[in-house]
Amino acid sequence: MSTPSTPRPSGSAPKSAAPRPTQVKRPAAAGSRPAPGQRPAAGQQRPAGAPRPSAPRPTGQQRPAGSQERLVRPAPKAKVRKARLLVSKVEPFSVLKIAFLLSVAFGVITVVAAVGIWAVLDLSGTFDAFNQLMRDAIGAEDSFDLRDSMSLGQVASYATILAVVNVVVISVVAMLGSVLYNIASSLVGGAGVTLTDD
């Protein structure tokens with residue numbers, strides 16, 4: 001037994017044919033941020049608290065050459081330091097040792113120089129020329145020879161004696177000079193010396 005279908009109201013339409021409501025775009029609020037990658041509209045101002053979109057900075061290779069030259073600064077010139085000192089006292093014993101060593105070196109140089117000069121005069125014929133001059137001028141005997149009175153051994157011995165005397169004299173004089181300097185520096189304050197850096 002079939003039941004009669006209830007009549008539908010005239011204003012109603014089937015479900016499938018009903019129109020869907022359209023989405024209305026809401027205007028952006030004043031404090032809202034734009035979506036990433038989207039620029040604000042022409043008339044829209046950026047909010048005061050909103051951060052600025054960060055632009056990609058150029059790498060070190062993309063920087064111009066002028067900026068790199070400006071970044072490199074020359075190193076500041078170092079100040080030359082100076083120090084003024086006074087030599088108020090000199091140790092006499094240390095002065096004696098230094099003077100002794102220097103005088104020994106000077107004595108060795110004296111002996112070597114004397115022997116070398118005698119050898120050069122002998123090889124160059126200076127002794128023979130002097131002997132001939134003495135024979136012609138004074139009428140000396142043919143047996144006269146300067147080498148007899150100034151032989152190589154005699155010259156070396158004279159130079160050695162002179163060197164030993166110089167060692168003693170220079171050492172004593174240097175030590176006495178240091179003692180006199182100490183006495184003078186106690187009165188006037190000593191000699192001033194100024195030292196600087198290279």
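**Entry 1: the strand pair**

I began at Val87, which stands opposite Ala191 in strand β2. Strands β1 (residues 82-87) and β2 (residues 191-196) pair in the antiparallel sense over 6 bridges, where pairing requires that DSSP finds at least two bridges between two strands. I took the elements as DSSP runs, with helices being H or I of at least four residues and strands being E of at least two, numbered from the N terminus. The model is a predicted one, in which local features need pLDDT of at least 70 and side-chain atom pairs count only at pLDDT 80 or more, while totals for chains, interfaces and linings use all residues. Residues are numbered from 1 along each chain as its sequence is written, and side-chain values use heavy atoms, with hydrogens and water left out.

I then looked up how well β1 is covered, and found that the count of buried residues among its 6 residues is 0. Here buried means under 20% relative accessible area, exposed means over 50%, and partly exposed lies in between, with a 1.4 Å probe and protein chains only.

**Entry 2: the end of helix α5**

Ser185 is found in helix α5, which covers residues 152-188. Is Ser185 buried or exposed? Ser185 has a relative accessible area of 7%, so it counts as buried. Leaving aside neighbours within four places in sequence, Ser185 is in contact with Val87, Ser88 and Gly190, contact meaning heavy atoms within 4.5 Å. I also noted that a polar atom of the Ser185 side chain lies 2.6 Å from the backbone oxygen of Ser88.

Ala184 also has its place in α5, but its relative accessible area is 36%, so Ala184 is partly exposed. From C-alpha to C-alpha, Ala184 and Lys89 are 9.6 Å apart in space, although 95 residues separate them in sequence.

Further back in α5 I looked up Ser178, which is buried because its relative accessible area is 5%. Which residues does Ser178 touch, not counting those up to four places away in sequence? They are Val90, Pro92 and Val95.

**Entry 3: helix α2**

Helix α2 (residues 92-123) has 32 residues and reaches 46 Å from its first C-alpha to its last, close to the 46 Å expected at 1.5 Å a residue; the expected span is 1.5 Å times one less than the number of residues. Within α2 I found Ala99, Ser103, Gly107, Thr110 and Trp118 to be buried, and what covers the buried residues of this helix includes α3 (126-138) and α5. Just after α2, Gly125 takes a positive phi of about 80°.

**Entry 4: the record**

In an unreviewed UniProt entry, the annotation "transmembrane region" covers residues 98-121 and 155-181, and I kept in mind that such annotations may be inferred rather than shown by experiment. Over residues 98-121 the chain is 100% helix and 0% strand, with end C-alpha atoms 35 Å apart. For residues 155-181 the span is again 100% helix and 0% strand, and the end C-alpha atoms lie 38 Å apart.

**Entry 5: the whole chain**

Buried residues make up 9% of its 198 residues. Among contacts between residues at least 6 apart in sequence, 72% join residues at least 24 apart.

Notes: A polar contact is a pair of N or O atoms within 3.5 Å; within protein, one must be able to donate a hydrogen and the other to accept it, and residues adjacent in sequence count only if both atoms are side-chain atoms.
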